[in-house]
Amino acid sequence: MVHAKFYLVMKKLFLLILAFLSLPVFCAGKEKLTVGLLNGPSSIPAAYLIENTSDYEFQIFSGADLEIPKLLKGEIDLAVLPPNAAAKLWNKNGKNVVVLAVIGEGNISLFTTDPDYKNLESLKGKTVYCAGRGATPDYMFRYILEKKGVKVSENGPSPDAVFLDFQVPNAEIAGTLISGKADYILVPEPFGTVALMKGKSFGVKKVCNLSDEYDSKNYPLTVLVANKKALDSKKTAVKNYLKDYEKAVTWTLENATSAGALVEKHTLGLTASITASSIPCGNYVFIPADQARPEMEKLLNIFFERDPDSIGGKLPGEDFYQK
């Protein structure tokens, strides 16, 4: 009897030791994602994950031009990009990029100090400062103006057209309006919030949100993408990240002040106060790729009609969107 009890105790002890010894092997094999973020507004919801989980490694880039090579090489698994940039990568790099979700929708608005502004048609003969020739603000504004019968001048100010000036980067555009160097600026968030906060005493006002003028009332502005090889080899980790990111978006929208503090703490390119004030206008969302496909294709068609190469020469196929 004693020997039988001793045998059972030793067997249990052996199994416990075996389980303990196998634990490091299991942990070492755990899928871990490396996520690329762009320094600035598109990364605001990710601040919650940076603060609250160690399951992911985050790399922060000052621009997509630095992020994209690492995504294509597989040095980062996920990345945040404009929709047209993602489409161009898919077309030009062997379908090696897959859209996981739309994480930001339209938040581009027109601001002015001009007391005579009435509507978009009244912009004829005016100059509008807009950062990023060939980017979403540029193409979306042209699309809406043309729908209203308003021409866009390509060769300087014109009395019967709107001239778009691309000389000033987003970070400096608010200053041109406040200083009186510009009468109109077209900017996404949080730069619109910056213009309103700093230009209140100078008569700065928001006169048009492009989403209100767009046919569908909303358009994708930012997407979360994956390197195809990483998606195939780390399916569980990607699935978990999508769940965690969706929760982060919800938390961010409900806790703007706390989110602002985290963005500043983790040096994501914005101050706490600007971040907190801009979140209600930022249009942060989480729409899985298969649900977002119709609006993605509509936006990409706008790019394609103006410059096919802006999306890589053609609309991406169905395998561009994760199912």
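Q: What makes two residues count as being in contact in this predicted model?
A: Contact means that heavy atoms lie within 4.5 Å. The model is predicted.

Q: Which residues does Asp114 touch, not counting residues up to four places away in sequence?
A: By that cut-off, Asp114 touches Lys126, Asp183, Tyr184 and Lys205.

Q: Where does Asp114 lie?
A: Asp114 is in the loop between strands S5 and S6 (127-130).

Q: Why is Asp114 called buried?
A: The relative accessible area of Asp114 is 11%. Buried means under 20%, so Asp114 is buried.

Q: What makes the pairing of the Asp114 and Tyr184 side chains a polar contact?
A: The two side chains make this contact at 2.7 Å. A polar contact requires a pair of N or O atoms within 3.5 Å, one able to donate a hydrogen and the other to accept it; the value of 2.7 Å therefore meets the distance cut-off.

Q: Which residues of helix H7 (residues 191-199) are buried, and what do they pack against?
A: The buried residues are Phe191, Gly192, Thr193, Val194, Ala195 and Gly199. They pack against strand S5 (109-112), helix H6 (170-178), strand S9 (184-187) and helix H12 (272-278).

Q: How much space lies in the largest pocket, and which residues are closest to its centre?
A: The largest pocket holds about 1,100 Å³ of space. Of its 45 lining residues, Pro41, Asn170, Pro188, Glu189 and Phe191 are the closest to the centre.

Q: Which element supplies the largest share of that lining?
A: H6 does, with five residues. H7 is among the elements that each supply at least two.

Definitions and conventions. Residues numbered from 1 in each chain as written. Predicted model: local features only at pLDDT ≥ 70, side-chain atom pairs only at ≥ 80, totals over all residues. Heavy atoms only, no water. Buried < 20%, exposed > 50% of the residue type's maximum accessible area, 1.4 Å probe, protein only. Helix = DSSP H or I, 4+ residues; strand = E, 2+ residues; numbered from the N terminus. 1 Å grid on protein atoms, 1.4 Å probe; cavity = no way out; pocket = protein on both sides within 12 Å on 5 of 7 lines; lining within 4 Å. Points joined across faces, edges and corners; volume = space filled by probe spheres on them.
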